[in-house]
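Thanks, everyone. Please take a moment with the sequence and the structure, and then I'll go through the side-chain pairs and the packing.

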Amino acid sequence: MSAGQGHEGGPIGVALFGAGNVGGGVVEALDRGGERYAAVVGRPLELRGALVRDASTPRHGLGSECLTTDPDALLADPAVRIVVELMGGEDPAADYIARALRSGRHVVTANKEVIAKQGRDLLAIAADHGVRLLYEASVGGGIPIISPLSRDLLANEITGVTAIINGTTNYMLTGMASEGADYADILADAQRLGYAEPDPTADVEGIDAAYKLAILCGLAFHVAVRPDDIVRQGITTLTANDLRHADALGYAIKLLANGRLVDGELIASVQPTLIARSEPLAKVDGVLNAVQVEGDLVGRVVLEGPGAGPGPTASAVLADVLDLARDIVAGRPPVETPPLRRVRVRPPGEHRARRYLRMTVADRPGVLGEIGYALGAHGVSIASVIQVEADEDARTAEIVLTTHIAAGAELEAALDAISASDVVEEICNVIAMAG
């Protein structure tokens, strides 16, 4: 008997690949909400087993008889109709997802890396075998965004997606702004509280957010984009001074994931960005995430909520499981996925934006004139300038400039010229500005 046959009227079997914190949240929710889920679906859901690295380690809510280190033991069970992959990482998760799909099982995953890198291939495998691959939890955790982009906003021509989709960095930037703490101190605090991993590279360098943005761009604009194509800058160069100066100028700094389709080309970036305090995303603080979608019919929609954690992620995972289970009961065929098209991704030199510049300069007359001339000679004009600090002993001053809109290549040429000048001690930071 195949996975797609038999057991009519009986429980719908679910196999769990990965039983860590999120997996534990799924197990707990299935146990607590079993009767309600059965009423929603029309048949009960039954957890048939969980794939783990070490079956001797006790798992909350799972007896030893439910645990296995062999994925084939679960894929050989004809009662398993849905596989939930919560292992994380690309290897071996991508292989296990492909094997589950080829065996005729539907798959639910929260794995942003796999979907960002191999999602198109896996969706094709699912289509070839008459099953579905759902991944609501891969981007916003508890924020529903995959389903709205796939269905509820389908009538819209989406013009832009702007998101705060990494809770670790948002917590850190909020703390740096409110407490005046520097990067190293706030990172240690985030690690102590469990918001940041011992190795925080994927979060603080924007890698995690780039995976999620690649997924969002695919859904919003029907384009195929690789995470490596996305312009990426992390938050490691930011200081408390930058947050303080931004606030004085009327801005917050957020790690923004931004995607736009302009003249048939994709502009996609993950980078610290100054956002006007009046904008909704500027008010998203702590570990919260938010996704702002702009469409020609709906205008601007902002979805906000917890982006990580066992509860919120389990909520998104189980929403997908229930969706699949209802399709199984109703006998509905899989929904076809619209084809993606490849587009040119604009390189950083062609990104046009305003910028915030912080630099240390010689404290003497004529410095601003020289800097202004160097910028102007390369097509970059100054919007505002503030001298914020002076060191009389070193005879230096710190200044903050904001520019009008200019291309990245123009700015780079101007900064090279400024760096070669004897009036500039150091260009401390360059940060994009929204709007």
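Start with R192. R192 is exposed, because its relative accessibility is 62%, and the cut-off for exposed is over 50%. Keep in mind that this is a predicted model. What does R192 pair with? The side chain of R192 forms a salt bridge with that of D189, at 2.6 Å from N to O. D189 is buried, because 17% relative accessibility falls under the 20% limit. Both residues sit in helix 8, residues 183-192. They are three residues apart, so about one helical turn separates them.

Next pair: E294 and R260. Their side chains meet in a salt bridge, 2.8 Å from N to O. E294 belongs to strand 12, residues 288-295, and R260 to strand 10, residues 251-262. So this bridge ties together parts that lie 34 residues apart in sequence. Buried or exposed, for E294? Buried, at 18% relative accessibility. R260 is partly exposed, at 26%.

R344 is in the loop between strand 14 (341-342) and strand 15 (352-362), while E265 is in strand 11, residues 265-276. The pair therefore links parts 79 residues apart in sequence. R344 is partly exposed, with a relative accessible area of 39%.

There is also a network. Salt bridges link R132, D323, D327 and R332. The count for the model comes to 25 salt bridges.

Now the nonpolar side. In soluble globular proteins, nonpolar side chains tend to be buried together. Here, the largest nonpolar core has 79 residues. Which members touch the most others? L101, L133, M172, L216 and L266. Helix 10, residues 207-221, gives the most to this core, with eleven residues.

Look at M172. Beyond its neighbours within four places in sequence, M172 contacts Y183, I186, L187, A190, V204 and I235. A second, separate core has 31 residues, including L30, Y37, V41 and A316.

Last item: helix 2, residues 34-41, against helix 12, residues 310-330. Their axes come within 9 Å and cross at roughly 45°. That angle makes helix 2 oblique to helix 12. From helix 2, Y37, V40 and V41 take part. They meet L318, L322, A325, R326 and V329 of helix 12. By class, this contact has seven nonpolar residues, one charged and no polar.

That's the tour. Over to you for discussion.

Key. Residues are numbered from 1 along each chain as its sequence is written. This is a predicted model: local features need pLDDT of at least 70, side-chain atom pairs count only at pLDDT 80 or more; totals for chains, interfaces and linings use all residues. Side-chain values use heavy atoms; hydrogens and water are left out. A nonpolar core is a set of buried Ala, Val, Leu, Ile, Met, Phe, Trp, Tyr and Cys residues joined through side-chain atoms within 4.5 Å. Buried means under 20% relative accessible area, exposed over 50%, partly exposed in between (1.4 Å probe, protein chains only). Helices (H or I, at least four residues) and strands (E, at least two) are DSSP runs, numbered from the N terminus. Contact means heavy atoms within 4.5 Å. Axes are lines fitted to C-alpha atoms, for helices over the stretch in contact, and angles run from 0 to 180 degrees between N-to-C directions. Angles under 35 degrees count as roughly parallel, over 145 as roughly antiparallel, 65 to 115 as roughly perpendicular and the rest as oblique. Ala, Val, Leu, Ile, Met, Phe, Trp, Tyr, Cys and Pro count as nonpolar, Asp, Glu, Lys and Arg as charged, and the others, Gly among them, as polar. A salt bridge is a side-chain nitrogen of Lys or Arg within 4 Å of a carboxyl oxygen of Asp or Glu.
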